[in-house]
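I opened the notebook to jot down what I looked up, one topic per entry. Contacts come up before anything else.

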Amino acid sequence: NSSCKYDEAEIILQRILKEARCTKDKLPSYFVLSQLFQAQGKVVDAYGTCSSILTQLGETIPDSVDPEVVRAMISETLRKYDEVYGDDCLGKKMEDYTLRYVIRFYGQMATSAFFFKVPNIVAYFVCKGAQLSLENGVCQHTPLVFLQLSSIIMRSGNNIACAHRIAKDAVALSERFNLSDQMAQLSFLFTDAVGHLEWFHAGVQRLRVCFDSALSSGNAEIGFFCALQLVIFSILSGEKELTSLLKDIDYYLHLLETYKSEVSKNYLLNSRETVSMLIDKGEATSIEAKENLGDVTDPGNKFVATFYCQQVLRNFWLGYGERCRHFAKKGFARIPQGRYFFHIIKFYYGLSLLEMLKKKLNSARQKEVEEIIESMKVAVKHADSNIRNKLELLQAELHGLGARHNEAVALYNAAIASAKKSKFIHEQGLACERAGLYYKKMGCARDALVHFQQAHACYKEWGSSVKVGAIQRELDGFNSIGTNFI
């Protein structure tokens, strides 16, 4: 696997499976075979391998699961977790070798199912694995299924604190087992499930370490999942200057050709297109290779949700408000409420609605903005460092719209300070830009100029020629009317 000679590896595994005397002896080879398929993007084959071996071990693998059944399973799993997880549970080690592999195969099956099955079936497999651990004791594969459980709960958006607690419990449990060989995968799962509740920049740093660790240990699939998440977090946080981030993405894409890990390629190409558009609308930074959207009507097409989110980001920053709102609505229909992208696109959607309201295009949309602000007030309780600046900017814009000058000014200043504190250089620039536009509308030329200059500096540091150019046009407007503030 680590040397990317997948065909040779599969031949060796098939030889081992043929010579093994019983199913128990075959379990490690079957599991590696499923990983081999997953790394090549053959998720259906990976899923089929897990399904086949679990069936041989006496497990029942359904083709589909009713949503009500899954909701009941999640509730039952959480009830068991609250009842048994603690010192007694941690002290009970799972001794059954075969059962440990059953849990491991359920975890792998859930991972494969994510890419082409509806969410209900993924949640079913996760709950099966988690319940087996809660009923029979913990093992080295328990942290993984607990992190997957955390992700399932987070997606519902109804029990964020519980999801965060389970994820942290899983990490603590992994340290007790000294799972150095699994740390990259576990760290990725933690970041994917609840990483947005902690500072985005911390997640970026964690994922960089995980990427290197995964590739050095031969787990290319997890390594590229880390790279993908790292790129997305970098875009959302402005953690890295855009042209440098573009070079990183091209490096990852180059490695993908070497490691032949196809699962992440489409997502990386999608992120690359976003970064390219943010830099210069793709005029000098685009490449021929593009993402493949696939069948948008397929409920199992997980890429569609990411595509819509990236479209929201691109169109907002490029100033295409109608397209931003169009893709945001599509994204809301696809993205679970607890996922990190959900509140990000709500933020940009809300700002885009406010632009409509400023132009008096649809006054009825103000209630929708107010609802977004209320939801952001809830989100900030769980992810202050990532959400506060966004909430404050939305509030500032709404107060400005309502001619509440003192409140608007205070919240613009707060949004700028919060973005600076979180090191979100792009959103610091955005808050400065929106404050500049507000002061310009109010006839406060000096304040407008100062904030446009600050926005220009932020966007330049971020590396967006598109936004630098837009702010420069505002600054040129001051020159054209003969002001002496520049």
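Predicted model: local features only at pLDDT ≥ 70, side-chain atom pairs only at ≥ 80, totals over all residues.

**Entry: Leu 430**
I looked up what Leu 430 touches, not counting residues up to four places away in sequence, and got Phe 316, Trp 317, Phe 347, Tyr 348, Leu 351, Leu 393 and Tyr 459. Contact here means heavy atoms within 4.5 Å. Residues are numbered from 1 along each chain as its sequence is written, and side-chain values use heavy atoms, with hydrogens and water left out.

I then checked the largest nonpolar core, which has 170 residues. Such a core is a set of buried Ala, Val, Leu, Ile, Met, Phe, Trp, Tyr and Cys residues joined through side-chain atoms within 4.5 Å. Leu 430 is among the members that touch the most others, together with Phe 105, Phe 125, Phe 146, Phe 341 and Tyr 348.

**Entry: rings**
How many aromatic pairs does the structure hold? I found 33. Rings of Phe, Tyr and Trp (its six-membered ring) pair if their centres lie within 6.5 Å; planes under 30 degrees apart count as stacked, over 60 as edge-to-face and the rest as tilted. Phe 303 and Phe 307 make a tilted pair, because their planes are at 45 degrees, with ring centres 6.4 Å apart. Both sit in helix H15, four residues apart, about one turn of the helix. Helices are DSSP runs (H or I, at least four residues), numbered from the N terminus.

The cut-offs are under 20% for buried, over 50% for exposed and partly exposed in between (1.4 Å probe, protein chains only).

I also noted a cluster linked by ring pairs: Phe 316, Trp 317, Phe 347, Tyr 348, Tyr 459 and Trp 462.

**Entry: Gly 41 and Ser 112**
Gly 41 is in the loop between helix H2 (23–39) and helix H3 (43–56), while Ser 112 is in helix H6 (residues 97–114). They are 71 residues apart in sequence, yet I read 9.3 Å from C-alpha to C-alpha. Gly 41 is partly exposed at 31% relative accessibility, whereas Ser 112 is buried at 0%. Leaving aside neighbours within four places in sequence, Ser 112 contacts Gln 38, Val 43, Ala 46 and Tyr 47.

**Entry: positive phi**
Most residues other than glycine have a negative phi. Lys 281 has a positive phi of about 60 degrees; I found this lysine in the loop between helix H14 (265–280) and H15. Lys 281 counts as partly exposed, at 38% relative accessibility. Lys 423 also has a positive phi, near 60 degrees, and sits in the loop between helix H20 (405–421) and H21. Lys 423 counts as exposed because its relative accessibility is 54%.

Key:
Helix = DSSP H or I, 4+ residues; strand = E, 2+ residues; numbered from the N terminus.
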